Amino acid sequence: MALTLPRQWSRLSSIFYCFLKIGPVTFGGGYSMIPVIEKEIVDKERWMESEDVADVFAVAGSVPGALAINSATLIGFRLAGLPGALAAMAGVLLPTFAIVLLLAVLFMQWNDHPAIEAAFQGIRASVVALICYAGYKISKTAIMDRMTFAVTVIAVLLLLFAKLHPVVLIVCGFIAGSFLVYVRNRFGWQTKLETGKPDPEPGYMMGDGI
Amino acid sequence: MADWTALWEIFITFLMVGAVSFGGGYAMVPVIEREAIGHGWMTLQQFTDTIAVAGMSPGPIATNSAIVIGYKVAGLPGSIVGALAVVLPSFIIILVVASFFYKINKYAFMKRGFYGLRPVVAGLIFYAAISFALGNGVIPTGLNGIGRETWILLGIFLASFLALARYKVHPIFVIMASGLAGTMFFM
């Protein structure tokens, strides 16, 4: 479909504007944006069907990168090709970029102040809690049997004591997955490969993309 | 004048982070930690603060920390380069996937791979938690390190975890409340 230039531009700007609105919702960039996407893209703009949105999120979660940005790019691409993908990505990224930059600037100006220093001493403890909770949440879908439990333990030990580079571990994990499923099949063990529906809890991300 | 060497290092580093950031969540913390500290860009405590700032903002942790670290190392150009580098790999992969094999998640080899990848990602997140806890005194590294501070930090940690897991409090409020507690106890 060859749209005329003015129509193409108005389409791109509406894609950009739509994702600009969705951007701030992506606290941590997770499944929290699904209902908003449904409302904006399916109900209001009628750009896609509800099933398409489910497909988009499944694909966006299977490739590297943040779910929010991936799904925006994918939707933009389906609507208007490469320019659409760029418009959607810019839209979803821009509010985040501005907010993070502002916080970073403020933080670096004030981090010598005794009150801020003390505050961050407390915040560091809650960041540990935040990460623990993220680990707990992903464990519910990642650790499904003894083998996957063993993989998690081995990964932690290798990181702690062998100081293995995390990237190496990620690649090894993917290869090990194929191998382990092969072994399980040889032994005739059932393997649950689907993780089912993601946790619908107002899910601010936390590594729930996969 | 922009520091081209620094910008280039930021670009390459976050390009790699972007290429492996499955999920884009806290699993990327150890990868970024390794790079940021290895390059001498920041200490572990500064890195923890970066993650706190990243967690307070909307948007994915990996992208947000790329923006914060980029800014710290090379100002506004650094933050732009960091953000672009971290999204570039997934952008390209998305375009390829969307053009050629749309239903990538239906492929059996992907499913089998993810069977092993998911627990590794869980391991990465747990490692990040352990490393942060040790580096910031939430877990004392020696017996003589246990004091008033340790108990307060442990208390903040437990209260935060409970608020997140049990009462589903949004992380931004947890971070703010722990900041208040920090000023009360440590100033």
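**Figure 1. Chain A of the predicted model has seven helices and one strand.** The model is predicted. From the N terminus, the elements of chain A follow the order α-α-α-β-α-α-α-α. Chain A has 210 residues, of which 46% count as buried. Take the contacts in chain A between residues at least 6 apart in sequence: 54% of them join residues at least 24 apart.

**Figure 2. Helices α3(A) and α4(A) pack at an angle of about 125°.** Their axes lie 9 Å apart. The crossing of the two helices is right-handed. On the α3(A) side, the meeting residues are V56(A), F57(A), V59(A), A60(A) and G61(A). They face L67(A), N70(A), S71(A), L74(A) and I75(A) of α4(A). By class, the residues of this contact are seven nonpolar, three polar and no charged.

**Figure 3. Helix α4 of chain A crosses helix α4 of chain B.** In chain A, α4 covers residues 67-110; in chain B, α4 covers residues 61-99. The two axes come within 10 Å and cross at roughly 165°. An angle over 145 degrees counts as roughly antiparallel, and therefore α4(A) is roughly antiparallel to α4(B). This crossing is right-handed. The residues of the contact of α4(A) with α4(B) comprise 21 nonpolar, seven polar and two charged.

**Figure 4. Chains A and B meet through 91 residues from chain A and 94 residues from chain B.** Several elements of chain A each supply at least two residues to the side that touches chain B. They are α3 (50-62), β1 (65-66), α4, α5 (114-142), α6 (146-161) and α7 (166-187). Helix α5(A) gives the most, with 25 residues. What classes of residue make up the side of chain A that touches chain B? That side has 63 nonpolar, 24 polar and four charged residues.

**Figure 5. Residue N136(B) sits in a loop of chain B.** The loop runs between α5 (108-135) and α6 (148-165) of chain B. Is N136(B) buried or exposed? N136(B) has 21 C-beta neighbours inside 10 Å. The cut-off for buried is 20 or more, so N136(B) counts as buried. Residues up to four places away in sequence aside, N136(B) touches residues of chain A and chain B. From chain A come R124(A), A125(A) and V128(A). From chain B come Q45(B) and T48(B). T150(B) is 14 residues from N136(B) in sequence, and their C-alpha atoms are 9.7 Å apart in space.

**Figure 6. Chain B is divided into domain 1 (4-136) and domain 2 (137-187).** The centres of the two domains, taken over C-alpha atoms, are separated by 25 Å. Their contact takes six residues from domain 1 of chain B and seven residues from domain 2 of chain B. On the domain 1 side, the elements that give two or more residues are α3 (44-56) and α5 of chain B. Helix α3(B) supplies the largest share of that side, three residues. By class, the side of domain 1 of chain B that touches domain 2 of chain B has four nonpolar, two polar and no charged residues.

Technical notes
Residues numbered from 1 in each chain as written. Chains lettered and ligands numbered in written order. Predicted model: local features only at pLDDT ≥ 70, side-chain atom pairs only at ≥ 80, totals over all residues. Axes fitted to C-alpha atoms, helices over the stretch in contact; angles between N-to-C directions. Helix = DSSP H or I, 4+ residues; strand = E, 2+ residues; numbered from the N terminus. Parallel < 35°, antiparallel > 145°, perpendicular 65-115°, else oblique. Left-handed = near helix turned anticlockwise from the far one by under 90°. Nonpolar A, V, L, I, M, F, W, Y, C, P; charged D, E, K, R; others polar. Buried ≥ 20, exposed ≤ 12 C-beta atoms within 10 Å, placed from the backbone. Contact = placed C-beta atoms within 7 Å. Domains from an automatic or database assignment.
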